[in-house]
Amino acid sequence: MIGNLFDWLRNRQEPAPVPEALWQAVVAALPFLAALSDEEQVRLRSLAEDFLAEKEFTAAGGLELSDAICVSIAAQGCLPILNLGLEYYRGWVGVIVYADEFIIPRSVEDEFGVVHEYQELASGEAWDGGPLLISWRDAQMAGTGYNVVIHEFAHKLDMLNGDANGIPPLHAGISHTDWQQVLLASYRHFCTLVDQAEDGGEETTFDPYAAENPGEFFAVMSEAFFETPDVLQAEYPALYENLAGFYRQDPASRLLPPGVVQ
């Protein structure tokens with residue numbers, strides 16, 4: 001079946017069903033998907049099929065796309081919108097999958113108005129209104145608290161109302177003031193922990209990249225929310241509750257199905 005589904009998607013008119021064996025293989029490889037209830041997995045599968053029908057996958061960096069790659073990225077990417085809907089990924093189409101990390105040209109203007117250009121090695125990138133870029137090598141590291149797919153899709157959600165600043169479009173009933181206060185307090189606390197870890201040569205519980213800015217903090221904590229929710233809930237309970245309110249999910253309450261090893 002490998003390749004057939006992807007070939008079909010090139011000329012699709014409506015969502016194609018993901019083969020049962022392929023879907024089960026993708027879920028079994030990702031503990032945070034295996035932890036979903038049967039009903040949640042059915043809805044996630046339907047979302048992933050709709051996502052595959054709507055978006056365009058392109059390979060780069062020598063990668064050969066396969067059904068398994070596309071379905072894995074779609075399933076992980078749709079987890080954050082399981083209870084939100086595919087309309088949250090409106091306004092963009094492309095998903096570019098690289099074999100490994102890739103180079104992105106950057107430019108920054110300093111305080112004197114001088115523009116400095118440089119190149120940055122990246123494992124993922126989300127462009128406002130443009131494609132989403134993923135390193136497949138990094139995507140395969142999912143399941144241990146690091147998830148480049150969820151990270152970049154979280155940026156896409158954050159960008160729905162402007163720059164990726166850690167404040168996505170909040171639902172009615174979620175206080176913008178409370179969200180911002182909790183986000184910034186948690187972010188500043190984490191930045192302090194990163195500084196202390198660097199001075200002592202230690203590691204932080206979460207990826208230190210979260211200290212870059214509040215937008216990256218939101219994306220990294222979204223990774224933790226879905227992959228290691230118990231750890232995030234213990235470290236930042238108020239932040240966890242806010243994320244649970246936005247994503248309309250409570251991953252910490254999910255129990256793994258029988259036979260699945262955590």
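Good morning. The structure is a predicted model, in which local features need pLDDT of at least 70, side-chain atom pairs count only at pLDDT 80 or more, and totals for chains, interfaces and linings use all residues. Residues are numbered from 1 along each chain as its sequence is written, and side-chain values use heavy atoms, with hydrogens and water left out.

I begin with the overall fold. The chain contains eleven helices and six strands; these are DSSP runs numbered from the N terminus, with helices being H or I of at least four residues and strands E of at least two. Its radius of gyration is 19 Å, close to the 18 Å that the globule rule gives for 262 residues, so the chain is as compact as a globular protein of that length. That radius is taken over C-alpha atoms, and the rule is 2.2 Å times the number of residues to the power 0.38. Along the principal axes, the C-alpha atoms fill a box of roughly 55 × 45 × 40 Å. Of the 262 residues, 49% count as buried, where buried means under 20% relative accessible area, exposed over 50%, and partly exposed in between, with a 1.4 Å probe and protein chains only.

I turn to the aromatic rings. How many aromatic pairs does a search of the whole structure find? The search finds 22. Rings of Phe, Tyr and Trp (its six-membered ring) pair if their centres lie within 6.5 Å; planes under 30 degrees apart count as stacked, over 60 as edge-to-face and the rest as tilted. Consider Trp92 and Phe153: their ring centres are 6.0 Å apart and their planes stand at 65°, so this pair is edge-to-face. It links distant parts of the chain, since Trp92 is in the loop between helix H5 (67-78) and strand E2 (94-98), whereas Phe153 is in helix H7 (residues 148-158), 61 residues apart. Both Trp92 and Phe153 are buried.

Phe218 belongs to helix H9 (residues 214-227) and Phe246 to helix H11 (residues 237-247), so the pair ties together parts 28 residues apart in sequence. Phe218 is buried at a relative accessible area of 2%, and Phe246 is buried at 0%. Both rings also belong to a cluster in which ring pairs link Trp179, Phe218, Phe225, Phe226, Tyr240, Phe246 and Tyr247.

Trp92 has a further contact: Lys55 lies over its face, at 4.2 Å from the ring centre. The criterion for a charge over a ring is NZ of Lys or CZ of Arg within 6 Å of the ring centre and within 35 degrees of the ring normal.

Next comes the largest pocket. It holds about 430 Å³ of space. On a 1 Å grid over the protein atoms alone, a pocket is an open set of points where a 1.4 Å probe fits, with protein on both sides within 12 Å along at least five of seven lines, and lining residues have an atom within 4 Å of a point. Which residues lie nearest its centre? Of the 22 lining residues, these are Gly124, His151, Glu152, Tyr209 and Glu216. Strand E4 (115-122), strand E5 (124-126), H7 and H9 each supply at least two lining residues, and the largest share, four residues, comes from H7. By class, the lining has eight nonpolar, six polar and eight charged residues. Here Ala, Val, Leu, Ile, Met, Phe, Trp, Tyr, Cys and Pro count as nonpolar, Asp, Glu, Lys and Arg as charged, and the others, Gly among them, as polar.

Arg248, in the segment after H11, has a positive phi of about 60° although it is not a glycine, and counts as partly exposed at 46% relative accessibility. Asp100 lies in the loop between E2 and strand E3 (102-109) and is partly exposed at 35%. Leu63, in the loop between strand E1 (56-60) and H5, is buried at 18% relative accessible area. Leu63 and Asn242 are 179 residues apart in sequence and 38 Å apart in space, C-alpha to C-alpha.

Methods: Points joined across faces, edges and corners; volume = space filled by probe spheres on them.
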